[in-house]
Amino acid sequence: MRQDLIGYCLESGFVDWTLLTCCSAYRKMLSESFCRAEERQERAHRLTAIHDFESLYWDAIDMARSMGSDGHFLKEPHIGVLPSSGQQRYYLIWSDDDHGSIFVISPVEMPWLGKPQKR
């Protein structure tokens, strides 16, 4: 499922990576949560969460590649949570190794990051 995403490419900036969760750790948490679920409905809900995250992750990677990301990570993709009323909204952020650009991909605009590129 392709989702509408908004991307930002920052040539410089400070990111406190310790405040974010790397995507591999988030995947592990989702998988462990799925494995611990014992009821059918709970397992289905957790499987949906895994699928939704994977869709976001790969759509974000594809979008960043169209924006110039080379796919070689200086800092692997991390997940962050945006404040929102109602539903939690996640964004992905990483730094490319070759030119150090920081890519931020989100389902909502983040105007403080500058001009976005939309898919």
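How much space lies in the largest pocket, and which residues are closest to its centre?

Modeller: The model is predicted, so local features need pLDDT of at least 70 and side-chain atom pairs count only at pLDDT 80 or more, while totals for chains, interfaces and linings use all residues. Residues are numbered from 1 along each chain as its sequence is written, and side-chain values use heavy atoms, with hydrogens and water left out.

The largest pocket holds about 430 Å³ of space. Its lining comprises 16 residues, and D52, F53, Q87, Q88 and Y90 are the closest to its centre. A pocket here is an open set of points on a 1 Å grid over the protein atoms alone, where a 1.4 Å probe fits, with protein on both sides within 12 Å along at least five of seven lines; lining residues have an atom within 4 Å of a point. Grid points are joined across faces, edges and corners, and the volume is the space filled by probe spheres set on the points.

At least two lining residues come from each of α1, α2 and β4, and α2 contributes the most, with six. Helices are DSSP runs of H or I of at least four residues, and strands are runs of E of at least two, numbered from the N terminus. Ala, Val, Leu, Ile, Met, Phe, Trp, Tyr, Cys and Pro count as nonpolar, Asp, Glu, Lys and Arg as charged, and the others, Gly among them, as polar.

The main contributor, α2, covers residues 40–66. Its 27 residues reach 39 Å from first C-alpha to last, close to the expected 39 Å, which is 1.5 Å times one less than the number of residues. F53, S55, L56, Y57, D59, A60, I61, M63 and A64 of α2 are buried, buried meaning under 20% relative accessible area with a 1.4 Å probe, protein chains only. Their cover includes α1 (23–36) together with the strands β1 (6–10), β3 (73–82), β4 (89–96), β5 (102–106) and β6 (117–118), where contact means heavy atoms within 4.5 Å. Just after α2, G68 adopts a positive phi of about 115°.

The second largest pocket has a volume of about 240 Å³. Among its 15 lining residues, F14, V15, Y91, I93 and L113 are the closest to the centre. The elements giving two or more residues to this lining are β4 and β5, and its residues divide into twelve nonpolar, two polar and one charged.

Methods:
Buried means under 20% relative accessible area, exposed over 50%, partly exposed in between (1.4 Å probe, protein chains only).
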